[in-house]
Amino acid sequence: MSVDIFLNLTIRGLTTGAVYALVGMGIVLILQTTNVMNFAQGDSGMFITYLAFFMITTAKVPYSLVLILAILAGAVIGLIVERFMMRSVRSRSHLSLIMLTLGLSLLFQGLAAFLFKTEPRLFPPLVSGDPIKIGPVVLGRQDIVVLLAAIVTFGILYLFLYRTKQGAAARSISQDEYAARVLGIPTPSIYMLVWAIGSAMAGLAALLIVPRFSLEPSFMGLIQVKAFTAIVLGGMGSVFGAAVGGLIIGVVENLVAYQFPAIKDSFMLIVIVIVLLVMPQGLFGKRSQRRF
Amino acid sequence: MLRVDQVVSGYGPIDVLNHVSISLEQGEIVAVLGANGAGKTTLLRTITGLIRVRKGSVTFGDKVLNGLSPAEVVKCGISHVPEGRHIFPDLTVEENLLLAAYSMPRSQQKNRLDALYAMFSILAERRRQAGGTLSGGEQQMLALARGLMPNPRLMLLDEPSLGLAPKIIGTVFDTLARLRESGVSILLVEQNAKRSLELADRAYVLVTGQVALEGTARDLTGNEMVKQLYLGGTR
Amino acid sequence: MTPSRLRRLMVNSSIAALVLLLPLVFRTRPSIIGYLNIAMLYAIATQGLNLLMGFGGLVSLGHAAFMAIGGYTAAVLVMTYNVNMFLAIVAGVATAGVFGLVIGFPSLRLSGFYLAVATMALGSSVADVIKRLEITGGDYGLINIPSLRLGGWELASEASRYYVFAGIVVVVFLAVRNFLRSRSGRAVRAVRDSEMTAAAMGVNVAAYKLVTFVFAACIAGLSGALYAFTISYLHPMNFGLVFSIELLSMSIIGGLGTIIGPILGAVFWVMLPIVIGGRMEYLSTVIFGLSIIGSVMFLPKGLSELVTRIQTRLKL
């Protein structure tokens, strides 16, 4: 592998990883604050992407507006899910909560397939034009947008968590939910806010990555598995960990796929299992404590 | 000021409190004594809205607290310092304090912070430190300061001396005495009956979810049953 | 005999009679019986998952892998090595059991979300490995698997398989029920309710978790082996995460932690799309999603809770 190829693979891996990071950060945000592992994260993004697709192709809404509408749609879905589903079963076991989000994921897939049919559709990229050359590295314009979006989102999420009182409240809930309630923090509204933000991130991530695949009800499935891998690698507990984990996986996956195409898919799965068994706290987490 | 009237509440199918009535006037320190499981903590949680009132009523001033959420109860001017301190370990001291005044305007939060840092100088020194790095005594001070942060008229204190070294227990009770002078009323739940009767104006004794005895702190200190059960040398 | 017992006996025997008569009822439409056969195979696999999750409290998102291992082992043994079919099925069950042991090991250290992710990864990687192997037909899948044969008797018709599968379902379900009623079964449930209490009472938590995993894997392996000789075609992609989640969905809809749940869930899962019809195929996915959500929120024991409610209503 020459240096040029290595650089190209790495940078392109970073752009894929940025999407894993976006999905993973949303999952961790929700997991940490509300204690729900959201298996519907990818598919709610998929559903939003369908809505966006018809806004662009049928209603001819400008792309930038669609992006905003998609983020809003994600937020609304998150609000609805929290208010009408999660709130009433919050005290149940982890298993019930996982099952609930699996049901939700099936519902999104079914709705998408039933309403919009399953044949793959080509989703136009946000930006088109020739790839950009930076030294030896050739990058598609959409890839650059994806990278920037991930960085901006991470920045916004960081500011939310560490510079706003709602963010501080979300962190406090993740550490000691009982104490947060005792102190008079309105935990139900924080849960709703966190679900809204998390789901909005799902919509954004799906919309950014879809031009690289084709739009069909199952297209987020594999990406979500990768996002889970990223979370595990990053230590489950930290948004930062999920971001770094996502980037690492994107890069390593790309390098492995080039050098050892045969083990491309299994490789990440093996990584998960080894990480879980050897260092379950991941790269940035601390064992047995919920935190960001 | 606070009136708990014939309250029944509990967890799941079990009623822990059975028609409990207590009251507290402005500026008073009232102690609630009782063995483990007598319902002391349940009483505090019911007042704060963490547990639903099943029968009876809780009023504060002229406000009925039944059915309010903990957040709303805090806004009415009641704060709750839970047993075991419950400091957020990874949040800084300052974040811990600010969260206790969640719905307060920012300028007012600032004033409260300044006032509390003046009162607890150790917290001012450690304001950027994570709560989990404080010692047990410091954490208890932080917990008290958190309770004072929303500028409450009434503080509910659950076992503030639990698990602390005797010397630090002294500091905690000194602080409570200082609070009385600043006009905050206190409903104090304590295992340390001797200390709390010394501090309190009046006291209630809870036995299996009912008020078994009530009176001024002095009367109760002289009461044979209280002496035997809560002030005896063996306990 | 009290009237209610008499009534229960009557209802139960009429259900049994109905089950036995179905192939005659649908004599002209064997495809219906074929779907029911698939449902029964799913029910067997789901029963293993139910044992693991409903009774053992252990999450698994890789259960389809056990079916794949059972199915591929049996099929390859018969096709490539000319092993007797019965022995091949036994070997398939045993291999799945061994993998159950391997996949069960993470459960000793992990719980909740961590276990979910670990089983998801291990489960998916099994499908991936099968795709890379030559002996399994790789990405082309394994085709022309001979159909089920017991001794000298070939089970060519759907109806003949129907009776055999119904028998196997009953045997497996009874085995699981008896296991749960045994000392080990009580230990497994104790571990689910509180690992620490169970350990304090002297239950060997690790051993029982592994036993549960192995037992559940064996049952799924059996289902997979029978599936191979019924469908006569295996492809690794059919045993990935999606199918694992489908099995999980069946057990949730049927009712986790109930013995009859798996058959109710599997029949519902297989038959609903048939009832709705091809043109509205995906409506059934919507209904499945809603059923899972509804089960968790309102009927924690799923369809079997409905059955129990009907029984109480009819005073059976």
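**Questions about three chains and their contacts**

Me: Chain C and chain A bury about 3500 Å² between them, 81% of it on carbon and sulfur atoms. What does buried area stand for?

Reply: Buried area is the accessible area, taken with a 1.4 Å probe, that two parts lose on being put together, summed over both. The figure of about 3500 Å² therefore covers chain C and chain A together. Before we go on: this is a predicted model, in which local features need pLDDT of at least 70 and side-chain atom pairs count only at pLDDT 80 or more, while totals for chains, interfaces and linings use all residues; side-chain values use heavy atoms, with hydrogens and water left out. Residues are numbered from 1 along each chain as its sequence is written, and chains are lettered from A and ligands numbered from 1 in the order in which they are written.

Me: How do you know how many residues of chain C and chain A are in contact?

Reply: Contact means heavy atoms within 4.5 Å. By that rule, 38 residues of chain C are in contact with 39 residues of chain A. Of the two pairs of chains in contact, A and C share the most contacts.

Me: And how many salt bridges are there across the interface of chain C and chain A?

Reply: The rule asks for a side-chain nitrogen of Lys or Arg within 4 Å of a carboxyl oxygen of Asp or Glu, and it finds zero between chain C and chain A. On the side of chain C that touches chain A, α4 (85–109), α5 (112–132), α10 (241–254) and α12 (283–298) each give two or more residues. The largest share, 13 residues, comes from α5(C). Helices here are DSSP runs of H or I with at least four residues, numbered from the N terminus.

Me: What classes of residue make up that side of chain C?

Reply: There are 29 nonpolar, five polar and four charged residues on the side of chain C that touches chain A. Ala, Val, Leu, Ile, Met, Phe, Trp, Tyr, Cys and Pro count as nonpolar, Asp, Glu, Lys and Arg as charged, and the others, Gly among them, as polar.

Me: Now chain A and chain B: what makes B:E95 and A:R171 a salt bridge?

Reply: Their side chains meet at 2.4 Å, N to O. That value is within the cut-off, so the pair qualifies. The count between chain A and chain B is one salt bridge, and these chains bury about 2000 Å² between them, 60% of it on carbon and sulfur atoms. A:Y178, A:V182 and A:L183 supply 33% of the area that chain A buries against chain B, more than any other three residues.

Me: Why is A:E253 called buried?

Reply: Buried means under 20% relative accessible area (1.4 Å probe, protein chains only), with exposed over 50% and partly exposed in between. A:E253 has 11% relative accessibility, so it counts as buried. This residue is found in helix α10 (residues 239–259) of chain A. Leaving out residues up to four places away in sequence, A:E253 touches A:T16, A:Y20, A:K226 and A:M268.
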